[in-house]
Amino acid sequence: MYRIIDDRGSGKTGRLMLLAKETGSKIACNNPGAMRQKAYAYGITGIDFIPYSDLFNGTINPDDKIMIDELEVFVKGYVDGQLTGYTLSKDD
């Protein structure tokens, strides 16, 4: 599993897009249209951007590779009321 953990504005999303293109992964994100435009601005094409909700509503193939942009935004939007904490190892 790839983990991109860095400061705000450090290019995390661009690196995620390059990894998604390299691995043939879809990117689940808050705003697929805005992400598509950002990828275009970076000169990156051929990535399928999907809304977070597609991870739950059965519209993706179980064999699809998925990367998630802004994991905490995803968690807050879908399990925030139940999730009260978590751990994250920086190095593995």
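The following dialogue takes up terms used for this predicted model and sets values against definitions.

Modeller: Local features in this predicted model need pLDDT of at least 70, side-chain atom pairs count only at pLDDT 80 or more, and totals for chains, interfaces and linings use all residues. Residues are numbered from 1 along each chain as its sequence is written, and side-chain values use heavy atoms, with hydrogens and water left out.

Biologist: Why is H1 called roughly perpendicular to H2?

Modeller: The axes of helix H1 (residues 12-23) and helix H2 (residues 32-42) come within 11 Å and cross at roughly 85 degrees. Axes are lines fitted to C-alpha atoms, for helices over the stretch in contact, with angles running from 0 to 180 degrees between N-to-C directions. Angles under 35 degrees count as roughly parallel, over 145 as roughly antiparallel, 65 to 115 as roughly perpendicular and the rest as oblique, and H1 is therefore roughly perpendicular to H2.

Biologist: Which residues make the contact of H1 and H2?

Modeller: Thr 13, Gly 14 and Met 17 come from H1, while Met 35, Lys 38, Ala 39 and Tyr 42 come from H2, where contact means heavy atoms within 4.5 Å. These residues divide into four nonpolar, two polar and one charged, given that Ala, Val, Leu, Ile, Met, Phe, Trp, Tyr, Cys and Pro count as nonpolar, Asp, Glu, Lys and Arg as charged, and the others, Gly among them, as polar.

Biologist: What makes Ala 39 count as buried?

Modeller: Buried means under 20% relative accessible area, exposed over 50%, and partly exposed in between, with a 1.4 Å probe and protein chains only; Ala 39 has 3% relative accessibility and therefore counts as buried. Ala 39 lies in helix H2 and, not counting residues up to four places away in sequence, touches Met 17, Ile 44 and Phe 49.

Biologist: How do you know that Ile 27 is buried?

Modeller: Its relative accessible area is 0%, so Ile 27 is buried. Ile 27 lies in strand S1 (residues 26-29), and its contacts, leaving aside neighbours within four places in sequence, include Leu 16, Met 17, Met 35 and Phe 49.

Biologist: Why is Glu 70 called partly exposed?

Modeller: The relative accessible area of Glu 70 is 39%, so the residue is partly exposed. Glu 70 is found in the loop between strand S3 (66-68) and helix H3 (71-79), helices (H or I, at least four residues) and strands (E, at least two) being DSSP runs numbered from the N terminus.

Biologist: What is the phi of Glu 70?

Modeller: Glu 70 has a positive phi of about 55 degrees although it is not a glycine. Most residues other than glycine have a negative phi.

Biologist: Which residues are the closest to the centre of the largest pocket?

Modeller: The largest pocket has a volume of about 1,000 Å³, and of the 32 residues that line it, the closest to its centre are Ile 4, Ile 68, Asp 69, Glu 70 and Leu 71. On a 1 Å grid over the protein atoms alone, a pocket is an open set of points where a 1.4 Å probe fits, with protein on both sides within 12 Å along at least five of seven lines, and lining residues have an atom within 4 Å of a point. Its lining residues divide into 15 nonpolar, seven polar and 10 charged.

Key: Grid points are joined across faces, edges and corners, and a volume is the space filled by probe spheres set on the points.
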